[in-house]
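The following paragraphs lead through one protein model, beginning with a single residue and widening to the whole chain. Please keep the sequence and the coordinates in view while reading.

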Amino acid sequence: DIGQDNPSEKSFVLVFHLGGQSMDVSVILVSAGMYQVVANKRVEGIGGDVIDATMANHLAAEFQRLYKVDIGENSRAMYKLRVAAEEAKRTLSSSSTSSIDIDSLYDGQAFQQKIGRAKFESLCGSLFSQWVAIARGVIEEKKLKLIR
C-alpha cells in the first residue's frame, strides 16, 4: 500500500535483497502510485552462502576440538556441515537456539551441536556490519535521512 493512500505524497523505500552469492540494496521512490528505482548497489561475494560457510567452518573446528580430527579438507563432511549450517541459520531467524544432528559426519562418527543466536551473531557479526554499511552508503549517496 506504499504510495496508494495519499497519491500526492512521496516516499522512499529501502529494499534489501540477500541472495546466496550477493546482496542488492535499492532505494525506490514511490510517488502517485508509481515506483522508480533511484539507487541500486549490488555486491558480489557477501551473500547468505558466506554465513553458511562461516558456520560450517565453526562446526568443523568444534568437531576437531571434540574428536581431534580435522575434517576441513573432506568435501563430503564439509558439505554436510554447510547443509546443517543453512538449516540452523533458518531456524535461528525465528528461534533462540538450533540443534545440529548429523549421522556419520566423518568416519562413522555422529555429530551433535547446539548453536544459539548469540553465538551465531558473534560468528557472523562482521558480515552483518558490512551489509549495514553498504545499505547506509546507498542511503547517504542519495542524501536521504533514516527515520527510525
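Does serine 98 count as buried or exposed? Serine 98 counts as buried because its relative accessibility is 4%, where buried denotes under 20% relative accessible area, exposed over 50%, and partly exposed the range in between (1.4 Å probe, protein chains only). This is a predicted model, in which local features need pLDDT of at least 70 and side-chain atom pairs count only at pLDDT 80 or more, while totals for chains, interfaces and linings use all residues. Residues are numbered from 1 along each chain as its sequence is written, and side-chain values use heavy atoms, leaving out hydrogens and water.

Serine 98 belongs to strand 4, which spans residues 97-106. Beyond its neighbours within four places in sequence, serine 98 is in contact (heavy atoms within 4.5 Å) with Ala88, Thr91, Leu92, Gln113, Lys114 and Ile115.

The protein chain as a whole contains three helices and five strands, arranged along the sequence as β-β-β-α-α-β-β-α. These elements are DSSP runs numbered from the N terminus: helices are H or I with at least four residues, strands E with at least two.

Of the 148 residues, 33% count as buried. Among contacts between residues at least 6 apart in sequence, 48% join residues at least 24 apart.

As for overall dimensions, the C-alpha atoms fill a box of roughly 65 × 25 × 25 Å along the principal axes. The radius of gyration, taken over C-alpha atoms, is 20 Å, whereas a compact globule of 148 residues would have a value near 15 Å by the rule of 2.2 Å times the number of residues to the power 0.38.
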